[in-house]
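Welcome! Here is a short tour for anyone meeting this structure for the first time. Please keep the 3D view open as you read.

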Amino acid sequence: MSRPFRFGVNLLDPAPAAEWRAKCRRAEELGYDVILVPDHLGLPAPFPALVAAAQATERPRVGTFVLNAGFWNPALLAREVATTDALTGGRLELGLGTGYVRAEHEAAGLPYGSPGERVDHLERTVGELDRLLGSAEHQPRPVQSRVPVLIGANGDRMLRLTAEHADIAAFTGARPGATPGTLDPLTAEELDERVARYRALARHRATPAELNLLIQLVAVTDDPEPVLQPLLEGRPGLTVEQAVALPIVLAGPLEDVVAKVRAQRERYGFSYLTVLEPFMEAFAPVLARLREESA
């Protein structure tokens, strides 16, 4: 039995208070289930932005997508999580990742480390959060008995960590690119392999995790080629047809995009989709059609 769809939007652009509240309310009007904020220098600070989002809205949950664990001390992060969950009325979902932009760590005066060291730190962070927030003595206390944890993963160690600890398994649908700080999309077949690897690691779970996919491009159009040009230019040899088929791309006529979202839920189990702020309005007709079909 497929899970019901959930849809999140990752808000990227800093804004004054009134503008921030307005776009959060707009996300709620469009039917998004989760308002999310990433964790990059130059973008809004996650936790105050989420508190403001919750104050401006009534229905959506709020979450980090995803925190850069290398920026955070686990004890201080536990305080932020508990406070934010309390101030949002128990609407928080905590997304965690290793971070992948070396320049941000250098600008913050923080060690970047090897991939293995970054995963080690994330693993320690997850364990400490479980310990601290699970303790009745920890103050402040979150509202939720357990703040849902989302982990963004692609590599084997990260998939293992996700299988062991995450309530929501988030797939990037991409791997680190040759240029630092960039990502190269996975093909449908490559993503098949990653999801299969996760499922093998998670086969012991009593309660299956919700599966999430971050969509990188949305365009409801009869002619997707123009909007795909930036993607094509950066990847010689990639055809328009191949780009349209990438799991993290939703481009084409409305009925085709809706059908692709349904097909990817059946193929991979992705019932929770996240889109980036520039595509919040573009994805809205897709969201609305899928809501109509499930009503």
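In this predicted model, the largest nonpolar core holds 94 residues. Those with the most contacts inside this core are Y32, L96, F171, Y198, L228, F270 and F283. Pick L96 to see what such a residue touches: leaving out residues up to four places away in sequence, L96 meets V66, L67, L77, L122, V126, L129, V149, L150, I151 and G152.

Next, look at helix α2, which spans residues 46-56. Of its 11 residues, 8 are buried, so α2 is largely enclosed by the rest of the structure. The buried ones are P46, F47, A49, L50, V51, A53, A54 and A56. What covers them? Among the covering elements are the helices α1 (17-30) and α3 (74-87), along with the strands β2 (34-37), β3 (61-64), β4 (67-68) and β5 (92-97).

Now for a pair of helices. Two packed helices are described by the angle between their axes and the distance between those axes. Helix α6 (residues 156-165) packs against helix α7 (residues 188-201) at an angle of about 45°, and their axes are 9 Å apart. That angle makes α6 oblique to α7, and their crossing is right-handed. On the α6 side, the contact is formed by D156, L159, R160, T162 and A163, which meet R194, R197, Y198 and L201 of α7. By type, the residues of this contact divide into 4 nonpolar, 1 polar and 4 charged.

Strand β12 (residues 249-252) is where you will find V249. Is V249 buried or exposed? With a relative accessible area of 2%, V249 is buried, because that value falls under 20%. Apart from neighbours within four places in sequence, V249 is in contact with L217, L228, L231, A243, V244 and K260.

| Cis peptide bond | Omega |
|---|---|
| F65 to V66 | near -15° |
| Q139 to P140 | near 0° |

V66, which is also among the residues touched by L96, lies in the loop between β3 and β4. P140 sits in the loop between α5 (115-133) and β6 (149-153).

Technical notes:
Residues are numbered from 1 along each chain as its sequence is written. This is a predicted model: local features need pLDDT of at least 70, side-chain atom pairs count only at pLDDT 80 or more; totals for chains, interfaces and linings use all residues. Side-chain values use heavy atoms; hydrogens and water are left out. A nonpolar core is a set of buried Ala, Val, Leu, Ile, Met, Phe, Trp, Tyr and Cys residues joined through side-chain atoms within 4.5 Å. Buried means under 20% relative accessible area, exposed over 50%, partly exposed in between (1.4 Å probe, protein chains only). Contact means heavy atoms within 4.5 Å. Axes are lines fitted to C-alpha atoms, for helices over the stretch in contact, and angles run from 0 to 180 degrees between N-to-C directions. Helices (H or I, at least four residues) and strands (E, at least two) are DSSP runs, numbered from the N terminus. Angles under 35 degrees count as roughly parallel, over 145 as roughly antiparallel, 65 to 115 as roughly perpendicular and the rest as oblique. A crossing is left-handed if the near helix is turned anticlockwise from the far one by less than a right angle, and right-handed if clockwise. Ala, Val, Leu, Ile, Met, Phe, Trp, Tyr, Cys and Pro count as nonpolar, Asp, Glu, Lys and Arg as charged, and the others, Gly among them, as polar.
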